[in-house]
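Biologist: I've never looked at this one before. Could you walk me through it?

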Amino acid sequence: MRVLSGPLSNFHDLAANDATTALLINVITAVGQFQRDIQNELTVEGIAAAEAEGRYRGRPPALAGSRLEEVRSALTGLLPGQPGPPVLIPTEGPVQASS
């Protein structure tokens with residue numbers, strides 16, 4: 001491998017087996033690994049901070065608790081294969097509410 005321009009342009013063969021090339025490749029690799037490790041640490045810290053504030057894993061559910069149960073019970077029977085609620089059909093005149 002040969003670098004044509006930039007700070008490594010003095011090295012004609014980066015695949016050579018001499019000590020200088022090995023040192024240079026090891027330093028570049030170590031710096032890259034260090035940057036990756038720092039990025040992973042910052043990601044973990046950011047996720048922990050977001051979880052502590054309750055902002056991690058998407059938006060909160062639209063329905064929760066008793067409201068969710070109300071909607072579920074209202075939809076029971078409307079799905080195929082489930083029995084529906086009884087329907088009262090008036091046979092004569094208007095229906096009056098009893099009090």
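Predicted model: local features only at pLDDT ≥ 70, side-chain atom pairs only at ≥ 80, totals over all residues.

What follows is a chat about the helices, the ends of the first one, and a few side chains.

Biologist: What share of the 99 residues is buried?
Modeller: To count as buried, a residue needs a relative accessible area under 20%. The protein chain exposes about 9,000 Å², with carbon and sulfur atoms supplying 59% of that area. Of the 99 residues, the buried share is 6%.

Biologist: How far does H1 reach from its first C-alpha to its last?
Modeller: H1 covers residues 19-53, which gives it 35 residues. At 1.5 Å a residue you'd expect 51 Å, and the reach in the model is close to that. From first C-alpha to last, H1 spans 51 Å.

Biologist: Which residue caps the N-terminal end of H1?
Modeller: Look for a side-chain oxygen that lies 3.4 Å from the backbone nitrogen of Thr20. The cap is Asp18.

Biologist: Is Thr21 buried or exposed?
Modeller: Thr21 sits in helix H1, and the buried residues of that helix are Thr21, Leu24 and Ala50. The relative accessible area of Thr21 is 4%. The cut-off is under 20%, so at 4% Thr21 is buried.

Biologist: And which residues form a nonpolar patch on the surface?
Modeller: Start with Leu23, which is also in helix H1. Its relative accessible area is 55%, so Leu23 is exposed. The patch has about 260 Å² of accessible area in total, and its members are Leu23, Val27 and Val31.

Biologist: What is the phi of the residue that follows H1?
Modeller: The residue after H1 is Gly54. Its phi is positive, near 75°.

Biologist: How many salt bridges does the structure hold?
Modeller: One joins the side chains of Glu53 and Arg55, with N to O at 2.6 Å, and both Glu53 and Arg55 are exposed. Another links Glu70 with Arg67, where the closest N and O atoms are 3.2 Å apart. The structure's salt bridges number two.

Biologist: Why are Glu70 and Arg67 separated by about one helical turn?
Modeller: Both belong to helix H2, which runs over residues 65-75. Glu70 is partly exposed at 44% relative accessibility, and Arg67 is partly exposed at 45%. They are about one helical turn apart because their spacing in H2 is three residues.

Conventions. Residues numbered from 1 in each chain as written. Heavy atoms only, no water. Salt bridge = Lys/Arg side-chain N within 4 Å of Asp/Glu carboxyl O. Buried < 20%, exposed > 50% of the residue type's maximum accessible area, 1.4 Å probe, protein only. Helix = DSSP H or I, 4+ residues; strand = E, 2+ residues; numbered from the N terminus. Patch = residues over 30% accessible without salt bridge, like charges linked within 9 Å, V, L, I, M, F, W, Y side chains within 5 Å. Areas by Shrake-Rupley, 256 points an atom, 1.4 Å probe, with all protein chains shown as cover. Expected span 1.5 Å × (residues − 1). Polar contact = N/O pair within 3.5 Å; in protein donor to acceptor, adjacent residues only side chain to side chain.
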